[in-house]
Amino acid sequence: MQTISENACFGGTQGVYTHASKPCACDMTFGLFMPREAEDGPVPLLWYLSGLTCTHENAMTKAGAQAWAAEQGIAVVFPDTSPRGEDVADDEAYDLGKGAGFYVNATEDPWAPHYRMWDYITEELPKVLDHSFALDMSRQAITGHSMGGHGALTMAMSLPGRFRSVSAFAPISNPTDSDWGRKQFSAYLGNNEEAGAAHDATLLMQQKGFEGPVLIDTGSKDQFIDLLKPEALAAATAARRQQATLRLQPGYDHSYFFVSTFMEEHVAFHADALYA
């Protein structure tokens, strides 16, 4: 692992680091905010998974998470959204290829050699963080925005016991029934409907649910709301009688203005679970 930068931030440190990734077969970059409390011992960790077109940098600079994480004594990791490099396959469309890994392990060419974001986020990067930083990996929570909200929800429900809480900002909630999902799953996973279903938050809510608190915010004026399908996840949550708070925030769109507005509440929500 190499340090790209480290800056003082709300009494702690905002760092950017790069390392060689085995599952992605390229160098991967991530941001990590460490609060001042890490100087005295391991601190809990909140994952923030970003959305389409983003890198590690978007949420790190726009979401405002560091101020609230510092207040709660929580570290926040900002992974990239896809593999990177000249040898990595890409597409002209914004919603496929670089910046659009969709947090799955691709099985189809030309994506399969590098696009293994599920393994990267759930297996490799946790080991890198645990080895290199003062983190209490027994206390983890996860959140994300849009495509990252999809990743956060599917990982939380698929990895029981890993995360104490999960939240999402405008998540892609039912990708097997949306153009934000069917296109990508077809490209990355082929015609394997079972593989796609394993990465659909609505279907996972119907089948598994989550043993912990759930918080989801979506803007009522979100310009992509028909692609997000919050109503499908809400119905599955209600049918399962899952412990959850699902809110439609009046007047808000899909932007980081929306994310930053409700970031304080999301960090406090996770802090309640992480320090319980």
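## Aromatic pairs

Search the whole structure and you get 12 aromatic pairs (rings of Phe, Tyr and Trp, the last by its six-membered ring, with centres within 6.5 Å; planes under 30 degrees apart are stacked, over 60 edge-to-face, the rest tilted). Take W111 and Y115: their ring centres sit 5.3 Å apart with the planes at 90°, so this pair is edge-to-face. W111 is buried at 6% relative accessible area, and Y115 is buried too, at 1% (buried is under 20%, exposed over 50%, partly exposed in between, using a 1.4 Å probe and protein chains only).

Y252 and F262 also pair edge-to-face, with 5.0 Å between centres and 70° between planes. Y252 is in the loop between β9 (245-249) and α10 (256-274) while F262 is in helix α10, so the pair ties together parts 10 residues apart in sequence. Y252 is partly exposed at 29%, whereas F262 is buried at 7%.

## About the model

This is a predicted model, where local features need pLDDT of at least 70 and side-chain atom pairs pLDDT 80 or more, while totals for chains, interfaces and linings use all residues. Numbering runs from 1 along each chain as its sequence is written, and side-chain values use heavy atoms, leaving out hydrogens and water.

## Overall build

The protein has 10 helices and nine strands (DSSP runs numbered from the N terminus: H or I of at least four residues for helices, E of at least two for strands). Its C-alpha trace spans about 50 × 45 × 35 Å along the principal axes. Of the 276 residues, 59% count as buried.

## Cysteines

The disulfide count is zero (the rule wants two cysteine sulfur atoms within 2.5 Å). For C26, the closest cysteine sulfur is in C24 at 5.2 Å, too far for a bond. The closest one to C54 is also in C24, at 17 Å, again too far. C26 is buried at 11%, and so is C54 at 6%.

## Around D119

D119 lies in helix α3 (residues 117-132) and is buried at 16%. Its side chain makes a polar contact with the side chain of N105 at 2.9 Å (N or O atoms within 3.5 Å; within protein, one able to donate a hydrogen and the other to accept it, with residues adjacent in sequence counting only if both atoms are side-chain atoms). Neighbours within four places in sequence aside, D119 is in contact with P23, N105 and E124 (heavy atoms within 4.5 Å).
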